[in-house]
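Reader: I have just opened this structure and would like a friendly walk through it. Could you take my questions one at a time?

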Amino acid sequence: MSFLSIRNLSVRLKKGPPLLRRVSLDVQAGEVRGLVGESGAGKSMIGKAVLGILPPSVEITGGEILLDGTDLLRLPPKDRRRRIGASCALIPQDPLTALNPSHRIGPQITDRLVDILGWPRSAAEARARDLLAEVQIPEPDRVLRAYPHELSGGMRQRILIASAFAAEPKLIVADEPTTALDVTVQKQILKLIAGMQARHGTALLFVTHDLGVVSKVCQNLSVLYSGMVVEDSAVTDFFAAPRHPYSRALLAATPKYTDPAAGLTPVPDEVIAAVRAEVAAFDAGGIA
Amino acid sequence: MALLRLLAIRLLTTLVTLAGVAVIVFFVIRVVPGNPIAMMLPPGATEDDIARLSALYGLDQPLLTQFGIWVAGVLQGDFGTSITTRQPVLDLVLGRLPATLELAIMALVMAVILGGAAALTGTRFRGGRTEGAIDVANGMALSVPDFLWGLVLILLFGVLMPVFHISGRVSPALDLPFTTDFYLFESLLRLRFDLWADIVAHMVLPALALAIPLAAIIGQLLKQSLKETMNLDYVTLARTKGYGETRVILREALRNAALPTLTLVGVQFTFLIGGTVIIERLFSYEGLGNMAIDAVINRDLPLIQGIVLLFALIFTVVNLIVDLLYAVLNPRLRHA
């Protein structure tokens, strides 16, 4: 059975247009699934819904989010928070804003272990030291006592990764974890996340708009357009032969670093029109 | 190191500020109409009497000479003699300072507690009726000045429901074994809770009158600041860790949101100290402000000068404390 199973999840702006249209996807234990799509396609929204951090301006209008067989949406808020905190974690997009500027690094890694999971403080601190070593941060004792502003963006992202893995979660949502980073650092961070995932056997929901990243770290992917899953494939199948016309156009639009002269290929208008028609048909009640 | 440098700079600017205040107060109170001699002599005094009394207090000298004499005295710790009471100004002023400090600090504590509670409750239940009710209460508290709150409180808790004292600092019948003028603190230290309760019962209403407008400002600003902080990434990340709303507000948001509020509280606290002048009068509370009004009515020039200088000193010290607190609360500033 899959660890995370999203069934027909619909989300919309309160009294506004739909943002997710009956999205279904599964993440098996230890699987890395990519969520791709253009800006506004709703890929981050799925991660937020799973982690219970949807903004107050949106509401869930239907569907289920099954975590280890339990529908999170049916749990009372407190139980839902505890369950998510104990078995899921987030690697956020922007390491510069995701650490609390007035807390030291140490407590920001150990807080969940101590406050939510009831570890003794000494055990949690030992764990934090091990994690910093694992994400290749030298002088862990100095870093644990540092404040976020004393560390570089790359360092902070490593710390956030360490913090995400702290409680050995079953599932991590990585929300464009390299987008805010310097290109030279992006590759290292990506390698680090992939390596940690493999060692810990954590399932990963990897939100990105970069198909190159998907081909390197993911086993499966879901392609979203306008809040609808248009393709759900294994990565190898997808890159060999994408099934949906939009997927094919998206793949063709990926810039090729080996051939800069080729320039950029936009997604053709007729493909956009076709996929928009699909969305419209869905909204009208037809089967997409 | 940074803190020491800050202290040194602030000490220097404090001296410059005080010098400026000394010049202004000295000349302004001599330019405005009315003079102390006229207040002291009975009607029908002769020109001769006036001249003799003026010479006695040095008021017949040129202004600049008078200023020189006063400044020379101040630099040696002699602030002159009060014309009305014939006691040294320094003794008078220092004798009243503790009463005003205790009142102002009690008012500040009340304002922080009331305003903080309003902001936290409003943030916890934001977007609902509770927040609306808090906003309305804040607006009302803010639009009524402290002396009107004083009258309202006297009417409510002094007349209609007489639960607190509305006049004085302590019941006259009580025997005070105190060695300092910090009655509130000393009664606590001496574990004389009977006296402490009486002193508090005298202070509650004037302190509350001073606190209400400041509490409203703190409540409004802190709530705004908290609500903005609650949308930041690190707060969202804390939610995924399993923290509930209340803990997220207290643990993650409060400290960062408090920083901008703190600066404003410093500025507003100096206004509150200014407010003690009227409030002390209203409640016949024997502090600096009450004495200041008497001094102005009697044209007691040396006493006015002493009180104004002391108020200026208090203001600069409050600002210094705020700056230091800011540095302590904000790690980015501490290491700069």
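Reader: How much area is buried between chain B and chain A?

Author: Keep in mind that this is a predicted model. Carbon and sulfur atoms give 53% of the area buried between the two chains. On the side of chain B, Leu237(B), Thr240(B) and Lys241(B) supply 29% of what that chain buries against chain A, more than any other three residues. The area buried between chain B and chain A comes to about 2,200 Å².

Reader: How many residues does each chain bring to the contact?

Author: Here a contact is counted when heavy atoms lie within 4.5 Å. By that rule, the contact takes 19 residues from chain B and 26 residues from chain A.
There are also 13 residue pairs in polar contact between the chains, where both partners have pLDDT 80 or more.

Reader: Which element gives the most to the side of chain B that touches chain A?

Author: Three elements of chain B give two or more residues to that side: α10 (233-240), α11 (245-282) and α14 (331-334). By class, this side has four nonpolar, six polar and nine charged residues. With six residues, the element that gives the most is α10(B).

Reader: How many salt bridges are there between chain B and chain A?

Author: Side chains of opposite charge can pair when their charged atoms come close. Over all chains, the count comes to 27 salt bridges. Between chain B and chain A, the count is four.

Reader: Where does Lys241(B) sit when it pairs with Asp111(A)?

Author: The closest N and O atoms of this salt bridge are 3.1 Å apart. The pair crosses between chains, and its Asp111(A) end belongs to helix α3 (residues 105-116) of chain A. Both Asp111(A) and Lys241(B) are buried. As for Lys241(B), its place is the loop between α10 and α11 of chain B.

Reader: Which residues are linked in a network of salt bridges with Asp111(A) and Lys241(B)?

Author: The network has members in both chains. From chain A, Asp115(A) joins Asp111(A). Together with Lys241(B), the residues linked are Asp115(A), Arg247(B), Arg251(B) and Glu252(B).

Reader: Why does the salt bridge between Arg12(A) and Glu59(A) tie together parts that are apart in sequence, and how many residues separate them?

Author: The closest N and O atoms of Arg12(A) and Glu59(A) are 3.0 Å apart. Arg12(A) lies in strand β1 (residues 4-13) and Glu59(A) in strand β4 (residues 58-67) of chain A, so the bridge joins parts whose separation in sequence is 47 residues.

Reader: Is Arg281(B) buried, partly exposed or exposed?

Author: Arg281(B), in helix α11 of chain B, links to Asp294(B) in helix α12 (residues 288-297), 13 residues apart. Their side chains meet in a salt bridge of 2.9 Å, N to O. At 33% relative accessibility, Arg281(B) falls between the 20% and 50% limits, so its class is partly exposed.

Reader: Is Leu288(B) buried or exposed?

Author: Leu288(B) is found in helix α12 of chain B. Beyond its neighbours within four places in sequence, Leu288(B) is in contact with several residues, including Val93(B), Leu97(B), Ile307(B) and Phe311(B). The C-alpha atoms of Leu288(B) and Leu103(B) are separated by 11 Å, although the two are 185 residues apart along the chain. With a relative accessible area of 0%, Leu288(B) is buried.

Reader: What is the relative accessible area of Thr229(B)?

Author: Thr229(B) has its place in helix α9 (residues 193-229) of chain B. Not counting residues up to four places away in sequence, Thr229(B) touches Tyr234(B), Val235(B), Ala253(B), Asn256(B) and Ala257(B). Thr229(B) is buried, and its relative accessible area is 7%.

Reader: What percentage of residues 99-120 of chain B is helix?

Author: An unreviewed UniProt entry lists several spans of chain B as "transmembrane region", residues 99-120 among them. The end C-alpha atoms of this span lie 31 Å apart, and its strand content is 0%. Its helix content is 100%.

Conventions: Residues numbered from 1 in each chain as written. Chains lettered and ligands numbered in written order. Predicted model: local features only at pLDDT ≥ 70, side-chain atom pairs only at ≥ 80, totals over all residues. Heavy atoms only, no water. Buried area = accessible area lost by both parts, 1.4 Å probe. Polar contact = N/O pair within 3.5 Å; in protein donor to acceptor, adjacent residues only side chain to side chain. Helix = DSSP H or I, 4+ residues; strand = E, 2+ residues; numbered from the N terminus. Nonpolar A, V, L, I, M, F, W, Y, C, P; charged D, E, K, R; others polar. Buried < 20%, exposed > 50% of the residue type's maximum accessible area, 1.4 Å probe, protein only. UniProt positions renumbered as here; feature names shortened; annotations may be inferred.
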